[in-house]
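The structure comes first, then the findings.

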Amino acid sequence: LRSKIMSLSPRDPLVLARVVGDVVDPFMRLISLRVNYGQRQVTNGLDLRTSQVLNKPTVEIGGDDLRNFYTLVMVDPDVPSPSNPHLREYLHWGLETLKNYDASKSRAFKLVTDIPATTGTVFGNELVHYENPCPTSGIHRVALMLFWQLGRQTVYAPEWRQRFNTREFAENYNLGLPVAAVFFNCQRENGCGGRRT
């Protein structure tokens, strides 16, 4: 689990974009997380349109021990709009345990748990189906966070997607801080403008 530790600097895109702060507390990257929409790898701050995120992404996680399990959470902290996020956060996806998962076959955001290390979400337990981001106003941050689980089948689906709270969810299931995260910016097809600062 601790093969390569990378701490977040104040200049890290997750910090600058306030994903760290608005969604999660500061953490150390302990594992690799690779997210692709089609052939496009998600890097922090990547701009995507709603048509590019219709289908689930492919997610792969690193690690070296299949006995370690992870939960992937995907949220939009800018609901309904970046200037008035009073419905923060919206849960788009949730999974337990990841390995070479091709999520491109479904169109709803989700929560996935029980994802084994060195694998992808296809090997996890999808607790909340994928629901594609479709912002109606402004440019929304969409964050994917990976948490280490204490054991298999220790995380359960939340009752709602709106006003989901990643910190409370992690605390309720003893997930601690994320071990990896990435975010992208998403806006409607004909949207224009830049992110708020």
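## Cysteines and aromatic pairs

The disulfide count is zero, by the rule that a disulfide is a pair of cysteine sulfur atoms within 2.5 Å. Cys134 is in no disulfide; its nearest cysteine sulfur belongs to Cys186, 8.3 Å away. Cys186 is likewise in no disulfide, with the sulfur of Cys134 at 8.3 Å.

The model is predicted: local features need pLDDT of at least 70, side-chain atom pairs count only at pLDDT 80 or more, and totals for chains, interfaces and linings use all residues. Residues are numbered from 1 along each chain as its sequence is written, and side-chain values use heavy atoms, leaving out hydrogens and water.

Four aromatic pairs turn up in a search of the whole structure. Rings of Phe, Tyr and Trp (its six-membered ring) pair if their centres lie within 6.5 Å; planes under 30 degrees apart are stacked, over 60 edge-to-face, the rest tilted. Tyr37 and Phe184 form an edge-to-face pair, 5.6 Å centre to centre with 80° between the planes. Tyr37 lies in strand 3 (residues 33-37) and Phe184 in strand 13 (residues 180-187), so the pair ties together parts 147 residues apart in sequence. Strands here are DSSP runs (E, at least two residues), numbered from the N terminus.

Tyr156, Phe164, Phe169 and Tyr173 form one aromatic cluster.

The table lists buried residues; buried means under 20% relative accessible area, with a 1.4 Å probe and protein chains only.

| Residue | Relative accessible area |
|---|---|
| Tyr37 | 6%, buried |
| Phe184 | 0%, buried |
| Cys186 | 0%, buried |

Key: Helices (H or I, at least four residues) and strands (E, at least two) are DSSP runs, numbered from the N terminus. Buried means under 20% relative accessible area, exposed over 50%, partly exposed in between (1.4 Å probe, protein chains only).
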